[in-house]
Amino acid sequence: MATLGPDPRPHSQLASASIQSNISGNNLPTNRGLERALEEGANSGFFYLSARKLKEFPRTASNYDLSDTVEADLSRNRLAEVPSEVCHLVALESLNLYHNCIKTIPDTIISLQSLTSLNLSRNQLCALPACLCGLPLRVLNASNNKLVCIPEAIGQLRSLMELDVSCNEITALPRHIGRLKALRELNVRRNLLCVLPEDLAELPLVKFDFSCNKVSTIPVCYRKMAQLQNLQLENNPLQSPPAQICMKGKVHIFKYLSIEACRSDKMPDSLYLPVMERLSLSRPAAGSTEDIDQNKKQDTDSGVGSDNGDKRLSATEPSDEDSLSLNVPMSHITEEEGLSKDDSSEHISALTALLNGRRGQPVCEAQCLSFRMPDMVRLG
C-alpha cells in the first residue's frame with residue numbers, strides 16, 4: 001500500500017538542482033542578449049555590444065552576415081586591441097571603441113574606407129598610426145590616452161571636421177595641421193603644449209579649446225579667425241594677452257591682438273626722415289662753447305636782446321645801431337665756411353669803404369664778419 005511522505009531524495013540533491021537551475025537561468029538571458037544583438041545587427045546594419053565585458057569579438061558573430069554593418073558600438077568593454085573582425089566590415093561608417101584597454105591599432109584598419117567617425121577615447125594608446133590618416137574621417141576622438149605626439153600625416157585628413165586629442169601628453173602640434181581646411185572643432189585641452197602654431201589661423205575653426213596647457217603667447221595672427229565662436233584658454237601661463245584681458249572674453253582678446261599687430265608692423269624708413277631732419281635743425285651745430293652759448297641765448301630771447309644790454313644782429317630783426325634793412329629770405333643765406341680767405345678780405349674792404357662813405361664812421365673787421373655775403377651785396 002502506497003503511503004504519502006516526503007520526497008525520498010536527499011536534501012543536498014535538491015539544493016544542487018536548484019543552484020544548477022539558477023545558474024542556467026542567469027546565463028540564458030546573457031547569451032540570448034548577445035545573440036539577439038548580433039541578429040539585430042545583421043538585420044539593421046547597427047549592432048551594439050557595449051558594456052558586456054568582452055575581451056574579444058564574439059566568436060558566434062561568424063554565424064551572422066555583418067558585411068552590411070554601418071555602425072558598431074564596442075564601448076565599455078575589455079578589448080586589448082581592435083578586433084580583426086571589425087576591420088573586415090568594409091561598409092562601416094562609425095566605430096565606437098570608447099573605454100577599453102586598446103594599446104595599438106592594426107594597419108588593417110585602412111580597409112575601412114567608408115569610416116567617417118572613430119572614437120578611440122579612454123584607452124591606452126601611445127601613438128596614432130599613420131594609416132589612420134588614410135581614412136575619410138570627419139570625426140576623430142583620441143582623448144584620454146597616452147599620446148605624446150600627432151602624426152605629421154594628419155594633414156591628409158582633408159575631410160576632418162572635429163579633432164579631439166585632449167587629456168594626453170602632447171608637447172607640440174604638427175605643422176601640417178594647418179592643412180585641415182575643413183576643421184571646425186579642435187580640442188587639445190590638458191596637454192603639454194607651449195606654443196600654438198600660426199597655421200591654425202587659416203582654419204575655419206568655430207570651437208577651439210587649448211585650456212590647461214603651458215601656452216604663454218597667443219599669436220597675433222589668430223585675430224583673423226573670423227568664424228571662431230567658442231575659445232577656451234583658462235589655466236595657461238598667458239602673458240600676451242595678459243590674464244586681465246583674457247578674462248574679458250574673445251572680443252577683448254582679439255582687440256588686443258589687433259593692437260599688437262599694429263605695433264609689430266614697422267613703418268618705412270622714409271616716414272622717419274622728416275622727423276630726423278627737424279630734430280637735426282633744432283639741435284645746435286658742433287662748434288665752440290661761445291657758439292653754443294649764443295644759440296642758448298637766441299632760444300631764450302629770440303635774438304633780440306643780450307645779457308650785457310648790447311644790440312645784436314639777427315636775420316629777422318635789423319640792428320638799431322646801423323638802421324639797415326636786412327629782410328633777406330633764409331633760403332639766400334649761405335655758410336661762411338664756403339668762402340675762401342681771399343674773397344673774404346676783398347668783401348671786407350669793399351664793405352668798409354661803403355659804410356665809411358655812407359655814415360662817416362669806421363667799421364671794424366669783426367663787425368663786418370657778422371654779415372653774410374648775400375647781405376653785403378644787397379647793401380651796395
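Is S166 buried or exposed? S166 is buried, at 7% relative accessible area, where buried means under 20%, exposed over 50% and partly exposed in between (1.4 Å probe, protein chains only). Welcome to a short tour of this predicted model, in which local features need pLDDT of at least 70 and side-chain atom pairs count only at pLDDT 80 or more, while totals for chains, interfaces and linings use all residues. Residues are numbered from 1 along each chain as its sequence is written, and side-chain values use heavy atoms, with hydrogens and water left out.

**The chain as a whole**

- The chain holds eight helices and nine strands; helices (H or I, at least four residues) and strands (E, at least two) are DSSP runs, numbered from the N terminus.
- Of the 380 residues in the chain, 33% are buried.
- Taking contacts between residues at least 6 apart in sequence, 28% join residues at least 24 apart; contact means heavy atoms within 4.5 Å.

**The nonpolar core**

- The largest nonpolar core has 70 residues, and those with the most contacts inside it are L118, L186, L200, F208 and Y222.
- The elements giving two or more residues to this core are α1 (11-44) and α3 (250-264).
- A nonpolar core here is a set of buried Ala, Val, Leu, Ile, Met, Phe, Trp, Tyr and Cys residues joined through side-chain atoms within 4.5 Å.
- Leaving out neighbours within four places in sequence, L200 is in contact with L173, I177, L186, L205, F208, Y222 and M225.
- In soluble globular proteins, nonpolar side chains tend to be buried together.

**Cavity and pocket**

- One cavity of 30 Å³ or more turns up in a search of the whole structure, and the largest cavity has a volume of about 50 Å³.
- On a 1 Å grid over the protein atoms alone, a cavity is a set of points where a 1.4 Å probe fits but cannot get out, whereas a pocket is an open set with protein on both sides within 12 Å along at least five of seven lines; lining residues have an atom within 4 Å of a point.
- Grid points are joined across faces, edges and corners, and a volume is the space filled by probe spheres set on the points.
- Lining the largest cavity are F208, F210, I218, Y222, M225, L228, L231, I253, F254 and L257, and α3 gives the most to this lining, with three residues.
- By class, the lining of the largest cavity has 10 nonpolar, no polar and no charged residues; Ala, Val, Leu, Ile, Met, Phe, Trp, Tyr, Cys and Pro count as nonpolar, Asp, Glu, Lys and Arg as charged, and the others, Gly among them, as polar.
- The second largest pocket contains about 300 Å³ of space and is lined by 19 residues, with F57, P58, P83, S84 and E85 nearest its centre.
- The lining of the second largest pocket divides into 10 nonpolar, three polar and six charged residues.

**Residues that meet across the sequence**

- S166 sits in the loop between β6 (162-164) and β7 (185-187); beyond residues up to four places away in sequence, S166 touches S143, N144, N187, V188, R189 and N191.
- R78, in the loop between β2 (71-73) and β3 (94-96), counts as partly exposed at 43% relative accessibility.
- R78 and I102 are 24 residues apart along the chain, with their C-alpha atoms separated by 8.3 Å.
- Apart from neighbours within four places in sequence, R78 is in contact with K53, L54, K55, N100 and C101.
- A42 belongs to helix α1 and is partly exposed, at 28% relative accessibility.
- A42 and D65 are 23 residues apart in sequence and 5.6 Å apart in space, C-alpha to C-alpha; not counting residues up to four places away in sequence, A42 touches Y64, D65 and L66.

**Backbone points to look at**

- Most residues other than glycine have a negative phi, and most peptide bonds are trans.
- The peptide bond from S240 to P241 is cis, with omega near 0°; P241 lies in the loop between β9 (230-232) and α2 (243-246).
- A51 is not a glycine, yet has a positive phi of about 55°; A51 is in the loop between β1 (46-48) and β2 and is exposed, at 53% relative accessibility.
- N144, also not a glycine, has a positive phi of about 55°; N144 lies in the loop between β5 (139-141) and β6 and is partly exposed, at 28% relative accessible area.
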